[in-house]
Structures are given as structure tokens and as C-alpha cells.
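Me: Please take a close look at one part of this model: the strand pairing and what goes with it. Keep it brisk and give me the cut-offs.

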Amino acid sequence: MTNRMIAMMLAVTLGACGSDDGDEPMAAAALSGLGTATMTGTATFVQSGTDVTLELTLNGCASGKSYPVHIHQGASCADATAQGGHWDTARGEGIPNIACTAGTGSAEHTRAATPPEIAWSIGGDAATDVVGHVIVVHDADTPTTRIACGVIAP
Ligand SMILES: [Cu+2]
């Protein structure tokens with residue numbers, strides 16, 4: 001293999017995974033516990049084409065438990081009123097539960113552009129934009145109880 005070939009391969013590799021090329025919108029949320037809950041977590045959203053992929057990690061969860069998580073319509077984690085209900089109902093749902101092992105757990109979910117009723121975007125049309133909503137983790141045993149929350153920001 002010539003040096004020129006190696007240089008070309010390197011350029012292709014760097015181009016494919018470059019994080020500063022500006023064409024992959026990103027957003028994130030730092031989750032913290034609600035009330036007396038001490039759970040923390042991170043949520044990152046990356047848009048690739050029309051697909052938006054969420055990666056969510058929890059720390060301080062109870063091993064063996066499975067935690068429901070949704071995007072709620074509100075813009076604040078201050079209280080349950082600010083969080084509101086599930087964002088556009090079905091649009092905020094469909095994220096897999098987070099299974100907790102050894103105090104930590106993670107989930108990944110990719111949302112496609114179709115069906116449009118549940119599509120996500122990052123900074124796109126207001127109807128689909130995840131930014132400004134909150135991501136909420138519910139108690140594993142009492143799902144009506146909200147135990148962690150984070151505001152999704154660019
Ligand atoms: Cu919820």
C-alpha cells in the first residue's frame with residue numbers, strides 16, 4: 001500500500017466520523033433526581049439525516065429494576081406541572097425501558113422520520129423539535145412517580 005492510499009483512507013475515515021463538520025445536529029440533557037431521588041443521568045440526541053438517535057444512561061438506579069422513560073411536553077424540571085404530560089402523547093413515547101444492572105443502565109433508541117406523527121428533529125420544525133422539552137424517568141415500581149428529569153438543550 002502506498003503512502004498516498006493510506007492518506008486517502010485516513011481522510012475518508014476522518015471525514016466519516018468528524019464531530020465538527022456541522023451537519024449532525026446534537027442536543028443533550030443532564031438528568032437529576034426529583035424530590036428525594038438521587039438518580040442522575042445523561043441523554044444525548046444526534047440527528048443523522050432524518051434519523052434522531054437517543055442514548056440515555058442512568059446512574060444510581062436500583063439493580064434489577066426497569067425504568068420507563070419518556071419525553072414530556074414541558075420545558076422545566078421544577079415541578080410536575082412544568083413537565084406536563086407526554087410530549088404530543090405518542091411522540092414522547094416508544095423509548096425502551098432502562099434496565100438497571102450494578103447501579104447503572106442505558107438505552108438507545110432511533111426515531112425515524114416516518115410515521116411523521118411521532119418523528120423527532122433537533123432544531124427542526126417546532127412540532128418535531130426535541131429541544132426545550134424534558135426527558136423524564138419514572139419509578140420502576142410506581143410508574144406514576146417521576147424520579148429524574150432533565151431539560152433537552154442544544
Ligand atoms: Cu413519562
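Reply: Buried residues make up 29% of the 154 residues in the protein chain. Here buried means 20 or more other C-beta atoms within 10 Å of the residue's own, exposed means 12 or fewer, and partly exposed lies in between; C-beta atoms are placed from the backbone.

The model is predicted: local features need pLDDT of at least 70, side-chain atom pairs count only at pLDDT 80 or more, and totals for chains, interfaces and linings use all residues. Numbering starts from 1 along each chain as its sequence is written. The mean pLDDT (the predictor's confidence in each residue, from 0 to 100) is 89 for the protein chain, and 86% of its residues reach 70 or more. A contact means two C-beta atoms, placed from the backbone, within 7 Å.

Now the elements. The protein chain has 2 helices and 9 strands. Both are DSSP runs numbered from the N terminus: helices are H or I with at least four residues, strands are E with at least two. Along the sequence the pattern reads α-β-β-β-β-β-α-β-β-β-β.

The 9 strands form an open, antiparallel sheet in the order β4-β6-β7-β3-β2-β1-β9-β8-β5. β4 (66-67) and β5 (69-72) are the edges; each has a single partner strand, so one side of each has no neighbour in the sheet. Two strands count as paired if DSSP finds at least two bridges between them.

Take the pairs in turn. β3 (residues 51-59) and β7 (residues 104-111) are joined by 8 bridges, with Leu 56 opposite Ala 107. β6 (residues 98-101) meets β7 over 2 bridges, and Cys 100 faces Gly 105 there. β1 and β2 share 6 bridges; Ala 27 stands opposite Phe 45 in β2. β1 also pairs with β9 over 2 bridges, where Gly 33 has Ala 148 as its bridge partner. Finally, β8 (residues 134-138) and β9 (residues 146-151) pair over 5 bridges, with Val 134 opposite Val 151.

Two hairpins deserve a note. The β1-β2 hairpin has 6 residues between the strands, and Gly 35 takes a positive phi near 60 degrees. The β6-β7 hairpin has 2, and Ala 102 takes a positive phi near 50 degrees. Gly 103 also lies in the loop between β6 and β7. Gly 103 counts as exposed, because it has 12 C-beta neighbours inside 10 Å. Yet its C-alpha is 6.0 Å from that of Asn 59, 44 residues apart along the chain. Beyond four places in sequence, Gly 103 is in contact with Asn 59, Gly 60, Cys 61 and Ser 63.

Next, the packing. The largest nonpolar core has 30 residues; Ile 135, Val 137 and Ile 152 touch the most other members. Such a core is a set of buried Ala, Val, Leu, Ile, Met, Phe, Trp, Tyr and Cys residues joined through C-beta atoms within 7 Å. The elements giving two or more residues to this core are β1 (26-33), β2 (40-48), β3, β5, β6, β8 and β9. Not counting residues up to four places away, Val 137 touches Leu 31, Met 39, Gly 41, Leu 58, Tyr 67, Val 69, Ile 147 and Ala 148.

One figure for the whole chain: among contacts between residues at least 6 apart in sequence, 56% join residues at least 24 apart.
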